[in-house]
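Morning, everyone. Please bring up the sequence and the model, and keep both in view while I talk.

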Amino acid sequence: MKPKQPKHEHKFRQSFLNQWFLCPESARRKHLGLTPPESNNINLVRGNSVHGALEWFGNEWIETGKQPKLEELLERGCNEFYLFASEGDPFWEQHDPDKVRGAVGGNLRVWYGEVLPELERPEYVELFFDRVLWEDNDRIIRLSGTCDWVQNGWLVDWKNPSRVPRPQDMWQTKRSNLQSHVYTWALDTPRFSLCHLSSKGTDDTYDPVADVGWTHMVRGSQDHDALIDLCLSVAVQIEANLPSAVKQWDSWYCSPKWCGAWDTCRGKFLGDNPF
């Protein structure tokens with residue numbers, strides 16, 4: 001009797017699925033540990049600092065029943081900035097730390113003034129999940145992620161882009177955003193929103209250019225069935241153990257600035273500074 005082969009086990013983070021559709025080959029290499037860890041950059045510093053401050057705010061609100069003051073939030077954001085911004089990082093040679101720190105403060109100010117009035121006391125902040133999406137005789141697929149803000153059946157994720165996307169540019173996000181599919185499936189609620197925060201403030205003044213944008217989405221059982229089908233297709237391609245996946249060039253991600261696989265992929269031919 002032929003021995004039964006062990007199941008394929010797949011553990012997909014939502015961020016991995018996003019990367020797969022930016023470039024399957026880059027995602028494959030990262031999934032297999034064939035690319036170096038992502039290096040720090042101003043986008044990570046800005047985003048992590050804002051996320052850390054808002055996580056603190058939400059937990060304080062949950063534990064005390066009271067909203068911290070704006071000054072306390074700004075102080076927390078400044079502390080988070082110094083936590084994530086190392087003086088030795090080479091990108092500070094091209095960027096002014098005060099401007100990045102100011103953008104953190106500007107994002108938190110506009111969040112406090114324009115977003116907070118729309119929110120209720122959260123049930124959870126930074127809620128981690130790890131759930132089985134699919135299991136059969138051949139494979140098991142788990143999905144994991146962390147939801148920034150959960151309140152009364154509404155899931156919210158904070159984004160910190162360099163500029164807030166225009167509403168007319170968000171049609172593709174509303175149609176196909178993977179994060180909304182994964183999170184609403186995992187946390188069993190249909191409502192998901194992206195909150196885009198952007199500011200050009202300095203560390204001691206508030207620049208009125210600061211902006212907020214919302215992208216609201218609703219996902220149901222038919223969307224989650226499609227998500228299962230999509231994840232199965234990714235799993236089958238990984239199980240094939242091919243030496244390469246499709247290399248996606250027509251994306252902002254295909255660049256030495258962003259892709260950790262660049263120097264062993266397209267970069268072998270174009271070099272480190274082709275654009």
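Start at D188. With a relative accessibility of 69%, this residue counts as exposed. The labels work like this: buried means under 20% relative accessible area, exposed means over 50%, and partly exposed is in between, with a 1.4 Å probe and protein chains only. Where does D188 sit? D188 is in the loop between α7 (178–187) and β5 (191–198). Helices (H or I, at least four residues) and strands (E, at least two) are DSSP runs, numbered from the N terminus. D188 is not a glycine, yet its phi is positive, at about 55°.

Before I go on, a word on the source. This is a predicted model, where local features need pLDDT of at least 70 and side-chain atom pairs count only at pLDDT 80 or more, while totals for chains, interfaces and linings use all residues. Residues are numbered from 1 along each chain as its sequence is written, and side-chain values use heavy atoms, with hydrogens and water left out.

Now E126. E126 also has a positive phi, near 50°, and is a residue other than glycine. Find E126 in strand β2. E126 is partly exposed, at 26% relative accessible area.

Next topic: salt bridges. Side chains of opposite charge can pair when their charged atoms come close. The cut-off here is a side-chain nitrogen of Lys or Arg within 4 Å of a carboxyl oxygen of Asp or Glu. How many salt bridges does the structure hold? The count is 10. I'll take you through some of them.

Look at K7 and E135. They form a salt bridge, and their closest N and O atoms are 2.7 Å apart. K7 lies in the segment before β1 (8–13), and E135 lies in strand β2 (residues 124–135), so this pair ties together parts that are 128 residues apart in sequence. K7 is partly exposed, at 34% relative accessibility. E135 is partly exposed as well, at 47%.

Stay with strand β2 for another pair. D130 forms a salt bridge with R142, with 2.8 Å between the closest N and O atoms. D130 is in strand β2 and R142 is in strand β3 (residues 139–151), so the parts tied together here are 12 residues apart in sequence. D130 has a relative accessible area of 37%, which makes it partly exposed. R142, at 26%, is partly exposed too.

Now a pair inside a helix. E25 and R28 form a salt bridge, the closest N and O atoms being 2.8 Å apart. Why about one helical turn between them? Because E25 and R28 are three residues apart in helix α2 (residues 24–31). Are they buried or exposed? E25 is buried, at 1% relative accessibility. R28 is buried, at 16%. There is also a network of salt bridges here: it links E25, R28 and R29.

On to helix α8. D229 is in this helix. D229 is exposed, at 56% relative accessibility. Now find W134. D229 and W134 are 95 residues apart along the chain, and their C-alpha atoms are separated by 9.6 Å. A235 is in helix α8 too, which covers residues 221–239. A235 counts as buried, at 0% relative accessibility. From A235 to N48, the C-alpha to C-alpha distance is 30 Å, and the two are 187 residues apart in sequence.

Let's go to empty space. Rolling a probe the size of a water molecule over the atoms shows where empty space is left. A cavity is a set of points, on a 1 Å grid over the protein atoms alone, where a 1.4 Å probe fits but cannot get out, and lining residues have an atom within 4 Å of a point. How many cavities of 30 Å³ or more does the structure hold? One. The largest cavity has about 90 Å³ of space; that volume is the space filled by probe spheres set on the points, which are joined across faces, edges and corners. Its lining has 13 residues, and C23, S26, C254, C259 and C265 lie nearest the centre. By type, the lining of the largest cavity divides into eight nonpolar, two polar and three charged residues. Ala, Val, Leu, Ile, Met, Phe, Trp, Tyr, Cys and Pro count as nonpolar, Asp, Glu, Lys and Arg as charged, and the others, Gly among them, as polar.

Last stop: helix α9 (residues 267–270), where L270 has its place. L270 is partly exposed, at 40% relative accessibility.

Technical notes. 1 Å grid on protein atoms, 1.4 Å probe; cavity = no way out; pocket = protein on both sides within 12 Å on 5 of 7 lines; lining within 4 Å.
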